[in-house]
Amino acid sequence: MARASAHLATPNASDLLEKARAAAASVVDPEIPVITIEELGVLRDVAVEADGSVTVTITPTYTGCPAMTVFVMDIEVALDEAGFEQVRVETVLSPAWTSDWMSEAAREKLRAYGIAPPVGSAGSTGLFDKPDVACPRCGSLKTERISEFGSTACKALYKCGSCHEPFDYFKCI
Amino acid sequence: MANDLFTYTMRLADDAAILSQRLAGWCGHASHLEEDIALTNIALDQIGCARLLYAYAGEIEGKGRDEDALCFNRNEREFTNLLLLEQPNDDFAYAIVRQFFYSAYVLLFWQALKSSKDERLAGIAAKAEKEAAYHLRHSAEWVVRLGDGTEESRSRIEEAIEFLWMYTGEMFEMDEVATALAEQGIAVDAAAIKPAWNKSINEVFARADLSVPTGTWMQTGGRNGEHSEHLGHVLAPMQYLQRAYPGLVW
């Protein structure tokens, strides 16, 4: 998902960039530790300047998402551990993040972790429409939304009518 | 022009901040746990939105005031939020109707502001629009549930609708600042989104067999810093820490 751009002319520029990109892409969501910020679509760009400083560009999922602060700290730590001393993390708003950016693989990881992945694509439902959310445990479509809001900004609370387990649904926005 | 843009951005920031503080008042007090989480989640989205807008306003102003200075070090008369948003949490029905009237409006507002010639405002609008969509869904579902519920829930939501109706006119006002910016393609022509808002209100009320008030007398003043007596009580707990211990950080 993230673009990688090199501003270096030295022979190992692409190696450095690849190293920086890999380090930034390894950071996981603190609240959903099975998916990385790259899989989530939060990581937008990694650039290495001629002086070796790194600029990582991220975009917030939700405007008030408290995990963003943790993302920034974790990116700085990951790059520091990869040997980059000067790291700047920039936040951009446009284009606005959408759950559509999550890869199939990331959705599968969410499901395996017990979180139902977003159904359909953003902006496709009417005011009172409800998506058919499959239970991440038993696969049943006999599920019911308990609340539009769950343990984090990005999740809604559901329960399954077949296996009776409650579960989180990663909202489609 | 820079001054108009600052004024306009501050209005939107104050709307988000004051509504956020009102919603946060439900923390630990909502009808049940899920609703407690819902209202505070919406509050969190509003804080996020307020921060983006205050930070931008501070940059436009260029006097070194950051988001905290703008939110915590201004007095009532300097706040320019909509009067609707400072109205008290007297009853759950009031909180729901307040949220519903505002969300139905602000969703249309952000959709229009997305094509603003001001890139920062357009970017913020594109984020906020997605969140306003599920804020509207949440409050609309509650409007139907309360209106179509028991005699008690119905009478309470009818009372809230009747009381808050007079605060809805302000959302569609266009003063000199908004008009000047709208002519430059920066601000939203709020008056133009009123028909769509009316349609949205009518549709949801019809589902619960609730009547749309016919009153045409509307309260005004928030955009000029003239508030109801409630705003000071919103600001007092919100600003206490920075007033008592200026510049304190966690």
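In chain A, 29 Å separates the C-alpha centres of domain 1 and domain 2. The model is predicted.

**Domains of chain A**
- Domain 1 of chain A spans residues 3-91, and domain 2 of chain A spans residues 102-170.
- Where these domains touch, domain 1 of chain A contributes 11 residues and domain 2 of chain A also contributes 11 residues.
- On the domain 1 side of this contact in chain A, six residues are nonpolar, three are polar and two are charged.

**Contact between chains A and B**
- Chain A places 14 residues in contact with 22 residues of chain B.
- The chain A side of this contact consists of nine nonpolar, four polar and one charged residues.

**Helix pair in chain B**
- Helix α2 (residues 33-61) and helix α6 (residues 119-147), both of chain B, have axes that come within 11 Å and cross at roughly 165 degrees.
- Because angles over 145 degrees count as roughly antiparallel, α2(B) and α6(B) are roughly antiparallel to each other.
- The crossing of α2(B) and α6(B) is left-handed.
- From α2(B), the contact is made by B:Ala38, B:Ile42, B:Asp45, B:Cys49, B:Leu52, B:Leu53 and B:Tyr56.
- From α6(B), the contact is made by B:Arg120, B:Ile124, B:Ala128, B:Glu131, B:His135 and B:His138.
- By class, the residues in the contact of α2(B) with α6(B) are eight nonpolar, two polar and three charged.

Terms used:
Residues are numbered from 1 along each chain as its sequence is written. Chains are lettered from A and ligands numbered from 1 in the order in which they are written. This is a predicted model: local features need pLDDT of at least 70, side-chain atom pairs count only at pLDDT 80 or more; totals for chains, interfaces and linings use all residues. Axes are lines fitted to C-alpha atoms, for helices over the stretch in contact, and angles run from 0 to 180 degrees between N-to-C directions. Helices (H or I, at least four residues) and strands (E, at least two) are DSSP runs, numbered from the N terminus. Angles under 35 degrees count as roughly parallel, over 145 as roughly antiparallel, 65 to 115 as roughly perpendicular and the rest as oblique. A crossing is left-handed if the near helix is turned anticlockwise from the far one by less than a right angle, and right-handed if clockwise. Two residues are in contact if their C-beta atoms, placed from the backbone, lie within 7 Å. Ala, Val, Leu, Ile, Met, Phe, Trp, Tyr, Cys and Pro count as nonpolar, Asp, Glu, Lys and Arg as charged, and the others, Gly among them, as polar. Domain bounds come from an automatic or database domain assignment.
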